[in-house]
Amino acid sequence: MAITKETQIAKIEVVGEYKAVQVATDTVIKEDGTELSRSRHRHVLHPGTLDASDNLIATDISGEDAEVQAIANTVWTDSIKTAWKNKLIADKQEQEE
Amino acid sequence: MSTLEVNKITPVSGGTSVTLGDSGDTFTIPSGATITNNGTASGFGLTNWSESSGNLLPSNASYGVYLGVNSATASNLLDDYEEGTFTPTFGGSTTDPTVSWNTQSGHYTKIGNIVHINLTFYPSAISGGSGNLNIRGLPFTNRNHRAPGSILYDRVRVQSNTTTVTPEIEQNTTYMAISEMRQGENETRGFIQVDDLEATTSDNPFIQITITYTTD
């Protein structure tokens with residue numbers, strides 16, 4: 001009787017005007033190859049975050065699945081990165097008002 | 001009309017199937033009669049749905065159910081349901097703190113375009129960080145409007161004239177800030193800062209948040 005655990009990318013979705021990449025990862029527990037349970041974990045990737053000087057620090061996607069990396073690199077064009085950076089700055093300024 | 005009485009119909013020798021009638025024929029099951037399926041029946045009713053351990057299972061993940069209508073109306077289509085976890089984190093609008101955790105959990109349920117999330121934070125240590133406390137790592141991107149929620153907290157400093165404390169997911173993002181409305185001649189709005197998280201010698205901050213928001 002062999003119990004195994006594996007992770008599978010269940011969904012990759014590109015959402016919204018800033019091209020957020022939503023990733024759903026399933027953890028699958030199997031006994032002798034037969035699925036016993038499956039649970040889902042999600043995370044969302046954006047093009048980057050602001051540093052203290054309002055520079056956009058690109059999100060490190062090196063640890064992501066190759067397909068996720070390929071999609072992110074495709075949809076996060078320079079214009080999207082600029083729009084996202086401007087949106088983050090606007091959010092920050094609004095919070096500081 | 002004649003009556004045929006048999007106990008069993010089987011294919012002819014060497015055959016594997018039996019056909020009833022021809023195209024256009026109608027076979028009627030009388031009121032009160034029962035057909036029992038002890039095997040596998042296919043081609044009846046919903047061709048794109050099957051059964052899985054008693055549950056309806058579509059052949060395509062995009063299929064759903066129209067509710068409350070008798071014609072296909074997009075706004076009445078329920079075609080998504082999902083439960084799962086996510087990992088929310090603390091950040092700062094200027095610099096991020098370094099945090100280790102006793103409890104750091106996020107659970108979500110998505111029904112159609114509605115996302116309901118529950119988050120629990122109970123750090124074991126926090127150091128550094130500055131600016132507004134941002135909570136990042138939500139499981140779905142919020143739509144183009146701010147989404148407020150409710151919060152339970154302990155060992156988080158708020159201003160003495162604060163009347164309400166509200167977590168708010170920013171529009172088009174997966175992070176939230178925690179606002180506080182402050183009573184005064186003109187009510188003002190501020191935000192919980194990273195350094196408002198007050199660890200004591202005996203314990204650390206505790207925060208629970210619940211928010212329902214919409215996503216695409």
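How many residues of chain A are in contact with how many residues of chain B?

1. **The contact between the chains.** This is a predicted model, and in it 22 residues of chain A touch 28 residues of chain B. Together the two chains bury about 2,000 Å² between them, and 41% of that area is on carbon and sulfur atoms. On the chain A side, A:Arg40, A:Arg42 and A:Gln95 lose the most area to chain B, together 31% of what that side buries.

2. For the complex, the predictor gives an ipTM of 0.85 and a pTM of 0.82. Chain B has an average pLDDT of 92, and 98% of its residues score at least 70. A word of care for your own reading: where pLDDT is low, the predicted coordinates should not be read in detail.

3. **Charges across the interface.** Five salt bridges are found across the interface of chain A and chain B.

4. **A glutamate to look up at the interface.** Is B:Glu170 buried or exposed? With a relative accessible area of 2%, B:Glu170 is buried, because buried means under 20%. You will find B:Glu170 in the loop between strand E12 (162-169) and strand E13 (175-182) of chain B. Leaving aside its neighbours within four places in sequence, B:Glu170 is in contact with A:Asp91 and A:Gln95 in chain A, and with B:Asn142, B:Arg146 and B:Tyr175 in chain B. A:Gln95 is also one of the chain A residues that lose the most area to chain B.

5. **Salt bridges within chain B.** Over all chains, the count comes to 23 salt bridges. One to look at is the pair B:Asp96 and B:Arg136, whose side chains meet at 3.0 Å, N to O. B:Asp96 lies in the loop between strand E6 (89-92) and strand E7 (98-111) of chain B, while B:Arg136 is in strand E9 (residues 133-136) of chain B, so the pair ties together parts that are 40 residues apart in sequence. Both partners are partly exposed: B:Asp96 has a relative accessible area of 42%, and B:Arg136 has 22%.

6. **Two further pairs in chain B.** B:Asp154 forms a salt bridge with B:Arg155, and the closest N and O atoms are 3.0 Å apart. B:Asp154 counts as partly exposed, at 39% relative accessibility. The side chains of B:Asp196 and B:Arg157 also meet in a salt bridge, at 3.3 Å, N to O. B:Asp196 lies in the loop between strand E14 (188-191) and strand E15 (206-214) of chain B and B:Arg157 in the loop between strand E11 (150-154) and E12 of chain B, so this pair ties together parts that are 39 residues apart in sequence. Here B:Asp196 counts as buried at 7% relative accessibility, whereas B:Arg157 is partly exposed at 36%.

7. Which residues make the nonpolar surface patch of about 650 Å²? They are B:Leu4, B:Val6, B:Ile9, B:Val18, B:Leu20 and B:Phe27. Take B:Leu20 from this group: this residue sits in the segment before strand E1 (49-52) of chain B. At 58% relative accessibility B:Leu20 counts as exposed, because the cut-off for exposed is over 50%.

8. **Two backbone angles to check.** A:Lys19 is not a glycine, yet its phi is positive, near 55°. A:Lys19 is in the loop between strand E1 (3-15) and strand E2 (20-31) of chain A, and counts as partly exposed at 31% relative accessibility. B:Ser53 likewise has a positive phi, of about 50°, although it is not a glycine. B:Ser53 is in the loop between E1 and strand E2 (55-58) of chain B, and counts as exposed at 75% relative accessibility.

Notes:
Residues are numbered from 1 along each chain as its sequence is written. Chains are lettered from A and ligands numbered from 1 in the order in which they are written. This is a predicted model: local features need pLDDT of at least 70, side-chain atom pairs count only at pLDDT 80 or more; totals for chains, interfaces and linings use all residues. Side-chain values use heavy atoms; hydrogens and water are left out. Patches are made of residues with over 30% relative accessible area and no salt bridge: like charges are joined within 9 Å, nonpolar side chains (Val, Leu, Ile, Met, Phe, Trp, Tyr) within 5 Å. Accessible areas come from the Shrake-Rupley method with a 1.4 Å probe; for residues, only the protein chains shown count as cover. A salt bridge is a side-chain nitrogen of Lys or Arg within 4 Å of a carboxyl oxygen of Asp or Glu. Helices (H or I, at least four residues) and strands (E, at least two) are DSSP runs, numbered from the N terminus. Buried means under 20% relative accessible area, exposed over 50%, partly exposed in between (1.4 Å probe, protein chains only). pLDDT is the predictor's confidence in each residue, from 0 to 100. Contact means heavy atoms within 4.5 Å. Buried area is the accessible area (1.4 Å probe) that two parts lose on being put together, summed over both.
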